[in-house]
Amino acid sequence: MAESEDAGAFARETAPYVERFKEHFREFDEPAMVLLKGHLVIEELLNEIIAKGVDLVPRLDFSKKIQLARAMSLRDQENEMWKALAAINELRNVLAHSLDPQRRRSKFDALLAVCRRCAAP
């Protein structure tokens with residue numbers, strides 16, 4: 001009897017978490033998937049850029065890779081593209097570490113603003 005009581009208590013205690021999980025996985029989040037895959041492709045490109053300039057590619061997080069690739073790019077250090085890459089990384093981090101839709105929207109809007117500046121003539 002004690003085991004079934006424990007199981008019932010466990011089910012009641014975890015029910016809110018199960019519902020929260022279901023809530024966040026009801027729909028496929030295509031924009032998030034696109035951003036996460038794009039982040040991976042960009043990171044591969046940053047690794048290629050860094051590998052062309054150094055013999056041993058250090059293990060760095062994404063933001064440090066952006067900084068190193070930017071430093072290696074002597075002619076394009078002021079290009080808005082670097083800000084766009086940083087904004088992509090910030091949005092990716094919010095997607096990976098937060099379920100707060102306001103934070104997600106804020107980072108998305110920041111990325112959109114940088115991309116618009118990049119596209120401006």
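Mentor: Start with a word we need. A pocket is an open set of grid points where a 1.4 Å probe fits, with protein on both sides within 12 Å along at least five of seven lines. Its volume is the space filled by probe spheres set on those points. Keep in mind that this is a predicted model.

Our part is the second largest pocket, with a volume of about 150 Å³. Its lining consists of Pro 31, Ala 32, Val 34, Leu 35, Leu 91, Leu 95, Arg 104, Arg 105 and Phe 108. Three helices, H2, H4 and H5, each give two or more residues to this lining. H2 provides the largest share, 4 residues. By class, the lining has 7 nonpolar and 2 charged residues, and no polar ones.

Now look at how those helices pack. Take H2 and H4 to begin with. H2 covers residues 30–53, and H4 covers 81–97. Their axes are 10 Å apart and form an angle of about 130°. The crossing of H2 past H4 is left-handed. On the H2 side, the contact uses Ala 32, Leu 35, Leu 36, His 39, Ile 42 and Leu 46. On the H4 side are Leu 85, Ile 88, Asn 89, Leu 91, Arg 92 and Leu 95. By class, this contact has 9 nonpolar, 2 polar and 1 charged.

Next come H4 and H5, which spans 101–119. Their axes lie 9 Å apart, at an angle of about 165°. An angle over 145 counts as roughly antiparallel, and H4 and H5 are therefore roughly antiparallel to each other. H4 passes H5 in a left-handed crossing. From H4, the residues in contact include Ala 84, Ala 87, Ile 88, Leu 91 and Leu 95. From H5, they include Arg 104, Lys 107, Phe 108 and Leu 111. The classes here are 11 nonpolar, 6 charged and no polar.

H2 has another partner, H3, residues 62–72. H2 and H3 pack at about 45°, with axes 9 Å apart. That makes H2 oblique to H3. Among the H2 residues that meet H3 are His 39, Ile 42 and Leu 46.

Finally, turn to the largest pocket, with a volume of about 620 Å³. It is lined by 20 residues, and His 24, Asp 29, Ala 32, Leu 99 and Arg 104 lie nearest its centre. H1, H2, H4 and H5 each give two or more residues to that lining. H1 gives the most, 4 residues. Its classes are 11 nonpolar, 2 polar and 7 charged.

Conventions: Residues are numbered from 1 along each chain as its sequence is written. This is a predicted model: local features need pLDDT of at least 70, side-chain atom pairs count only at pLDDT 80 or more; totals for chains, interfaces and linings use all residues. Side-chain values use heavy atoms; hydrogens and water are left out. Axes are lines fitted to C-alpha atoms, for helices over the stretch in contact, and angles run from 0 to 180 degrees between N-to-C directions. Angles under 35 degrees count as roughly parallel, over 145 as roughly antiparallel, 65 to 115 as roughly perpendicular and the rest as oblique. Contact means heavy atoms within 4.5 Å. On a 1 Å grid over the protein atoms alone, a cavity is a set of points where a 1.4 Å probe fits but cannot get out, and a pocket is an open set with protein on both sides within 12 Å along at least five of seven lines; lining residues have an atom within 4 Å of a point. Ala, Val, Leu, Ile, Met, Phe, Trp, Tyr, Cys and Pro count as nonpolar, Asp, Glu, Lys and Arg as charged, and the others, Gly among them, as polar. A crossing is left-handed if the near helix is turned anticlockwise from the far one by less than a right angle, and right-handed if clockwise.
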